[in-house]
Amino acid sequence: LYTVLNSGLVAVTGLGFIKTAAEMQNLNNQIRLVTDSEREYIGTKQLLSKIADDNFADINSTINLYQKSVRALTNLGKSQADSIKFTEAVSLAMRTGGRSAGENAAAILQLGQAMGAGVIMGDEFRSISENAPVLLKLVAKEMGVLQGDLKKLSADGKITAEIMYNAMTKNMAELEELAKKMPLTMGQAFVVAKNNYKKYTDEMMNSTGGVSDKISGMLVKI
C-alpha cells in the first residue's frame with residue numbers, strides 16, 4: 001500500500017511539474033511574439049521576472065500585462081522600454097494597494113485585456129474598480145476629476161490606454177517611495193516562492209534541448 005501511495009504521489013508531482021513547464025512555455029511564447037530577436041527576448045524576460053519579484057507580483061500576470069500592453073502602446077508610438085516601464089509602474093501600484101495576491105492578479109488580467117482593446121470600460125473597469133482602486137485613484141489624478149466620476153467616463157470610452165499609461169508612469173517616483181514603506185506580507189512571500197518554482201521548472205524543462213522538447217516529440221510520435 002505504501003508503495004502504491006508513494007507512486008501515486010510521484011505521478012501527481014510529475015504531472016504538476018509538466019503542467020507548470022507548459023504554462024511557462026506559453027508565457028515565453030507571449031514574450032517572443034512581441035520581441036524582435038532572441039537577445040531582446042532574453043533581456044525582456046529577465047526584466048519582467050525582476051519586476052514581478054521586486055513587487056511581489058505573480059509572474060504570469062506580469063507577463064500577460066506586458067504582452068497585451070505592448071500592442072496598444074506601440075500604436076501610441078511607445079517603445080519596448082516604455083512598455084516595460086508601464087508594466088513596472090502597474091506592479092508598483094498594485095504592491096502599494098494593500099490587496100491580496102488573488103485580487104491583484106485578477107485586476108492585472110483585466111487591465112491587460114483593457115490595454116489590448118485600447119480603452120478601459122465594461123467588465124474590465126468593474127474588476128479594476130473592485131480589486132485595484134489604487135489604479136483608478138491615479139487615473140482620476142491624471143484626468144483631473146473625482147474618482148467617482150470615472151464610471152461615467154469609462155462608459156463613454158474616455159479612459160484610454162494613453163491615459164492609463166500616463167497615470168501610471170508619471171507617478172512612479174511617488175509609488176516607489178510608498179512601496180519602500182510597505183511591510184512584507186506572508187501572501188507576498190508565497191507569490192515570490194511560486195515565481196521561483198515556476199522559473200526553476202522553466203529552466204529545467206524548457207531550456208534548449210530540455211525535457212519538454214523530448215516529451216513533446218514523444219507525444220507527437222504517439
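The model is a predicted one, and its secondary structure is quick to sum up: twelve helices and zero strands. Walking along the sequence, the pattern reads α-α-α-α-α-α-α-α-α-α-α-α. The chain has 222 residues, and 41% of them count as buried. As for the accessible surface, the computed total is about 12100 Å², with carbon and sulfur atoms contributing 59% of that area. Sequence separation tells its own part of the story: among contacts in the chain with a separation of 6 or more, 70% link residues 24 or more positions apart.

On to the helix pair. Two packed helices are described by the angle between their axes and the distance between the axes. Here, H4 covers residues 80–95 and H5 covers residues 101–117, and their axes come within 11 Å of each other. The crossing angle is roughly 150 degrees. Angles over 145 degrees count as roughly antiparallel, so that label applies to H4 and H5. As for handedness, H4 passes H5 in a right-handed crossing.

The residues behind this contact can be listed helix by helix. H4 brings Phe86, Val90 and Met94, while H5 supplies Asn104, Ala107, Ile108, Leu111 and Met115.

Technical notes
Residues are numbered from 1 along each chain as its sequence is written. This is a predicted model: local features need pLDDT of at least 70, side-chain atom pairs count only at pLDDT 80 or more; totals for chains, interfaces and linings use all residues. Side-chain values use heavy atoms; hydrogens and water are left out. Axes are lines fitted to C-alpha atoms, for helices over the stretch in contact, and angles run from 0 to 180 degrees between N-to-C directions. Helices (H or I, at least four residues) and strands (E, at least two) are DSSP runs, numbered from the N terminus. Angles under 35 degrees count as roughly parallel, over 145 as roughly antiparallel, 65 to 115 as roughly perpendicular and the rest as oblique. A crossing is left-handed if the near helix is turned anticlockwise from the far one by less than a right angle, and right-handed if clockwise. Contact means heavy atoms within 4.5 Å. Buried means under 20% relative accessible area, exposed over 50%, partly exposed in between (1.4 Å probe, protein chains only). Accessible areas come from the Shrake-Rupley method with a 1.4 Å probe; for residues, only the protein chains shown count as cover.
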